[in-house]
Structures are given as C-alpha cells and as structure tokens.
Amino acid sequence: MQSTLLSLLIWLPILGGGLVILLGDKRATTARWVSLVISILVFVMSLSLWTGFDSSTHLMQFVEKSIWIAQFNIHYHLGVDGISMPLIILTTFSTILVIGAGWEVIQKRPAHYMAAFLMMEGLIVGVFSSLDAILFYAFWEASLIPMLLIVGIWGGDNRIYAAIKFFLYTFLGSVFMLVSLIYMYNKGGSFSILDMHNLSLSATEQAWIFWAFFMAFAVKVPMFPVHTWLPDAHVQAPTGGSVILAAIMLKMGGYGFFRFSLPITPDASFEFSEIIIILSLISIVYIGFVALVQRDMKKLIAYSSISHMGFVTLGVFTLFLAYQPDQVEGALLGLEGAMVQMISHGFISAAMFLVVGVLYDRLHSREISTYGGVINSMPKFTGFAVLFAMANAGLPGTSGFVGEFMVILGAVQANIWYAVLAATTLIVGAAYTLWMVKRVFWGKITNPAVATLSDINTREFFILATLATAVLVMGLYPQPVIEVIHTSINHLLQQAHTSKL
C-alpha cells in the first residue's frame, strides 16, 4: 500500500465527497456518518506516513510518479519529506474535528457541507505532497473552490463579499507564481520541483521569481499588508470553515516558503530577508495591538492568527542573518521553530475557533459584551477555553510556547532587537487573550441568557479534549516532531546557503 498511500489520501476523500453529494440532504444522517467514517479512515491511513517515515534522510519518501501530460513533461509526481508529512497529518486530523463540530449545527444542506470539507481535505493533501509544479498549482488553486463555497453558502450575512474577497486575493496572488513556474520550465525543461531546486538562476532571475512566489505565499499566510481578507473571511465563515482556514490553509503559505522560495531563490531570499523580517515583525506587533481592540471574538482570534503566523515568516528568514558556517545548529532554530509554530498554531487556532463556535451555537452572538460569567453555567467548557486561551498567549507547557520560543532564540542570533520586538507578543498576546477570557468567562452573569446555557455535550467534550491533549503533549514533549523535521530542515538550510558558504 505504501506505493499508493499518498494517492489514497488524496482521492479517497475527494471521491468520498462525491459519494456524500450523491446521498444528498434527504439522507442527511447517512451522509454525516459516511463523511465521518471516511475522515477517520483517511486519518488512520495518514498515520502510516509517520510510522513508516525514515527521519534519517532528507530524500522524498512514499514516492509515486507517472506521466501525466507527456508533451510538456508534466508528471503525476507525489512524495513527502519531514516538512510536508506532519502537515498532511494535521490536515487529516483537523478534518475529523470539523465534521464532528458541524454534526448537529449544520442543518442547511448538510451533505454538501460535509462533502466540501472532504474534497478540500484531499486537495490540500495534494498540495503538500505534489512534487510536480503544475500538479502543485492545480491542487493549490482547486482547494480555493470548496472554501469559497463553504463561506459563500454557510457563512454569515455578509458572506458573499467575504467569499469573493478571499477568492480574489488568493487567486490573483497565485497567478504570479504560475508565471514563474512556466519561466523556470522554459529555462530547465522540467516542471519537477526538485529539478527547480537545482536550477541555475541569475540574481535578477531570482529576484523576479522570489517576489512572484512572495505574492502567492504572503497572501496565503497572510502577511501584512495583504492580510485584510482574513478577518472578513473568518467572521463570515461557519465554525468549520474558520477551523480549516486557520489550521490548514494558512500553512499552505508557510509551506510554500519552505518548498519554493528558500531552495529555488536562495540569493534573493538573502537579499530581501530584512524586508520580510520587518513585515513579519509588523504582523507580530502591530496586528497584535489591532487584536487588542476587537469586540468580536472571531475577529480577535483572526487577528491573533495573523500575529502568530508572523513567527513563521520571521523564523524562515532570520536564518539568513543568523547563519554562521560553524553554528549550523543555532541557525536551525528559526526554521525548526517556524515548522513547530505552524503545527502548534493548527491545534490552537482550531481550538479557539471551536470555542467561539460552541458559544455562537447557543446564543448566536460573537460579541464579547453579550457574555460574562459563562463559568457559572458552563464550567467544563470554561476549563477547556481557558487552557486554549493560555496556549494562544504562549504559556510554557503548551504548544503555543515551543515554536515561538524557538523562533525568538533564532532571532537573537540575527539581531537582538528583532527578538525583543517578537517577544512583545508574549505581553500583547496575553493582554488581548486575558481581556477576552475575563469579559466572557469570569465574573457574575450580566446577561440572563447566559444563565440558561447548557454545558458542552459528549460530542463537544470529545472534540475539545482531543485538541487539549494535542496542545499539552506537543507543549510538554515536542521532541518527536522536531526529530521528524530535523533532517529535512537541515538539508533545506544547506540548500538556502549553498551560495553563501
């Protein structure tokens, strides 16, 4: 099965989504159960990537390759390394959560809702496993369609505006990436991503290609100043849409920097690293203060996501300033921290949006002022919510601390002031998170409707407990993840600095 495992992880949920659509909303209960079974099966199968993975090599594993369009030397070429494999498992894990979270809440076209998430799961796995640039681009763009539908059909009152804004920002940014991929094909005669890593490009060529990639990946992360689509999309999206958007789709941008920008354009990445670092610090600090003044819980968490994802791009590009030939281990901190941060943020952002979703399902309001004293009527739920809030603030012992701490340590080697500015997130993040927790959960009940709230049910408890376990396990013992990514990250470091050694 190893030879076709990645194809199964891609096409089983896509075809399963088609089956769920055929079942239709008249058989909604059956459609829900089929969706859940498929998502669990895909997750269990994806664990074989972890158990069968050889972390001692940077070479691609579970490789599949066959000709797709012979005329242009385009292949159906799949494979994973230590960078892509954890993100695939994060994708399959998160899909189970969103299907479970929408089990009772989604009454409008439930079969189509579940099918959209299954199809998006397969497409995103395709993004993380593609080794052919055109195949990568096809999955990259196709993954926009299910999210567009999820926001546009099941979103809030202003859902059409948010869906179109999301699509236009992310689609137009990707056009520049396509142009650069075609240019490199004309130069090297291959759409293989690994061949592109070895392509000899002049400084000018690298500069143009770097900024073309940047337009695609920065929008997806999203980085300042192309971040404005994200709060609108989050506020209007249903809970499941916000979970996948924050936990998975933002990571596609970070993955792009790892897979394309650093190995293909190392000189340009070095040349423009300080610009990217400054934009990352603006995302971390300024957007953190923007989160501080939000009155809508979803919008607060959306801005928080932008701030925390700033650590990913900061960790990626500080390595160019921190690197010394005799201090490779120190230079690895930023890159490894960026990877850990992506995985951790996947858990925490999913949990935070699910927490808001639980409250919204009961009172149909995201306004902080609507609540107060929730602990009095929902004590179990409050326990989970406070844990996730502390993880979002970077509390030691949770996964939210590990990645950010590693990135800050890497930033110290580049410039102490970069580290100081990045570390302000520990203060600002605690400020906006604790402010929300205090207003929503603590104190006396001020809204009579809050007194009528029922605590989380078994389904909700299981979903939140699963995420709580992931946040604590990764926070207390991140070593297994670091070991899996280490060799691939070390190889990437050598690629990025080939011309600088």
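Select helix α4, residues 110-129. This helix is mostly covered: of its 20 residues, 18 are buried. Keep in mind that you are looking at a predicted model. Now put a distance between the first and last C-alpha of α4. The helix reaches 29 Å, close to the 28 Å expected at 1.5 Å a residue.

Next, go to Arg459. You will find Arg459 in helix α21, which covers residues 458-476. Show what surrounds this side chain. Leaving out residues up to four places away in sequence, Arg459 touches Gly100, Ala101, Trp103 and Glu104. Zoom in on Gly100. The side chain of Arg459 reaches the backbone oxygen of Gly100 at 2.8 Å. From Arg459 to Met352 the C-alpha to C-alpha distance is 17 Å, and the two are 107 residues apart in sequence.

Turn to the aromatic rings. How many aromatic pairs does the count come to? The count comes to 30. Each pair is described by the distance of the centres and the angle of the planes.

Start with Trp211 and Phe272. Their rings form a tilted pair, 5.0 Å centre to centre, with 55 degrees between the planes. Colour the two ends of the pair by element. Trp211 sits in helix α9 (residues 203-220), and Phe272 in the loop between α12 (266-271) and α13 (273-292). The pair links distant parts of the chain, 61 residues apart. Is Phe272 buried or exposed? Phe272 is buried, at a relative accessible area of 17%. Trp211 is partly exposed, at 29%.

Stay on α9 and select Phe217, then Phe257. This pair is edge-to-face: 5.6 Å between centres and 70 degrees between planes. Phe217 lies in α9 and Phe257 in helix α11 (residues 239-264), so the pair ties together parts that are 40 residues apart in sequence. Both Phe217 and Phe257 are buried.

Now widen the selection to the aromatic cluster. Phe136, Trp140, Phe210, Trp211, Phe213, Phe214, Phe217, Phe257, Phe260, Phe272 and Phe317 form one cluster.

What lies over the face of Trp140? Lys220 does, at 4.9 Å from the ring centre.

Methods. Residues numbered from 1 in each chain as written. Predicted model: local features only at pLDDT ≥ 70, side-chain atom pairs only at ≥ 80, totals over all residues. Heavy atoms only, no water. Helix = DSSP H or I, 4+ residues; strand = E, 2+ residues; numbered from the N terminus. Contact = heavy atoms within 4.5 Å. Polar contact = N/O pair within 3.5 Å; in protein donor to acceptor, adjacent residues only side chain to side chain. Phe/Tyr/Trp six-rings, centres within 6.5 Å; stacked < 30°, edge-to-face > 60°. Buried < 20%, exposed > 50% of the residue type's maximum accessible area, 1.4 Å probe, protein only. Lys NZ or Arg CZ within 6 Å of the ring centre and 35° of its normal. Expected span 1.5 Å × (residues − 1).
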